[in-house]
Amino acid sequence: MVRDLLQHLDINKFMGPDGIQLRVLRDLAEVLTEPLSTIYQQSWQTGEVTANWRLENVMPIHKTGRKDDPGNYRPVSLTSVPVKVMEQIILSAIMLSMKHTQVIRPSQHGSMKGRSCLTNLISFYDKVTHLVDEGKGVDVVYLDFSKAFDTVSHSILL
């Protein structure tokens with residue numbers, strides 16, 4: 001899994017605070033797979049992550065609107081690429097476990113591979129039309145939380 005993730009790194013992304021170019025990690029995937037796997041395993045067993053892997057660069061990324069308005073930016077943390085690879089491995093293991101133990105319901109669409117807002121809307125529309133076809137009443141409440149996670153204190157961002 002480590003080798004596959006390294007071989008498929010997008011070299012157009014930003015490097016982390018460690019200054020390691022993504023192209024180097026991708027090109028040396030065969031050589032780096034075993035040592036990184038050992039480091040990941042040791043980190044998993046001890047519950048510790050090396051100090052330099054905990055460093056990150058927080059950068060404001062423009063979303064929409066005027067660029068001179070600080071509210072139109074969101075913070076993005078740039079972390080070390082080997083840490084991102086480790087996070088993907090852990091996330092994959094957690095998601096697999098959650099699917100097998102049926103913690104995630106089939107109706108869950110957010111943060112699920114192969115599912116999106118569109119699949120959620122299609123599923124919702126199908127359910128509503130089915131209920132209407134049966135002559136049952138349907139009440140719908142729509143809440144828009146799109147900005148809820150974009151609100152960040154500017155002093156923290158700075």
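1. Q7 has its place in helix α1, where helices (H or I, at least four residues) and strands (E, at least two) are DSSP runs numbered from the N terminus. Q7 is partly exposed, with a relative accessible area of 35%; buried means under 20% relative accessible area, exposed over 50%, and partly exposed in between, with a 1.4 Å probe and protein chains only. Not counting residues up to four places away in sequence, Q7 touches R26, A29 and E30, contact being defined as heavy atoms within 4.5 Å. Q7 and L55 are 48 residues apart in sequence, and their C-alpha atoms are 24 Å apart in space.

2. On the basis of the model: this is a predicted model, in which local features need pLDDT of at least 70 and side-chain atom pairs count only at pLDDT 80 or more, while totals for chains, interfaces and linings use all residues. Residues are numbered from 1 along each chain as its sequence is written, and side-chain values use heavy atoms, with hydrogens and water left out.

3. The protein chain is divided into domain 1 (1–54 + 80–103) and domain 2 (106–157), the bounds coming from an automatic or database domain assignment. The C-alpha centres of domain 1 and domain 2 lie 31 Å apart.

4. The largest nonpolar core has 14 residues, of which L6, L9, L36, Y40, W53, V81 and V85 touch the most other members; such a core is a set of buried Ala, Val, Leu, Ile, Met, Phe, Trp, Tyr and Cys residues joined through side-chain atoms within 4.5 Å. Two or more residues are given to this core by each of α1 (2–7), α2 (22–27), α3 (29–46) and α4 (81–100), and the largest share, 4 residues, comes from α4. In soluble globular proteins, nonpolar side chains tend to be buried together. For L6, leaving aside neighbours within four places in sequence, the contacts are L25, R26, A29, L32, T33, L36 and V85.

5. How do α3 and α4 pack, and at what angle? Their axes are 11 Å apart and the angle is about 65°, given that axes are lines fitted to C-alpha atoms, for helices over the stretch in contact, and that angles run from 0 to 180 degrees between N-to-C directions. L36, Y40, S43 and W44 in α3 meet P82, V85, M86, I89 and I90 in α4. The residues of this contact divide into 8 nonpolar, 1 polar and no charged, where Ala, Val, Leu, Ile, Met, Phe, Trp, Tyr, Cys and Pro count as nonpolar, Asp, Glu, Lys and Arg as charged, and the others, Gly among them, as polar.

6. S43 is found in helix α3 and is buried, with a relative accessible area of 12%. Not counting residues up to four places away in sequence, S43 touches E48, V49 and M86.

7. M98 is found in helix α4 and counts as partly exposed, at 25% relative accessibility. Leaving aside neighbours within four places in sequence, M98 is in contact with V103 and I104.
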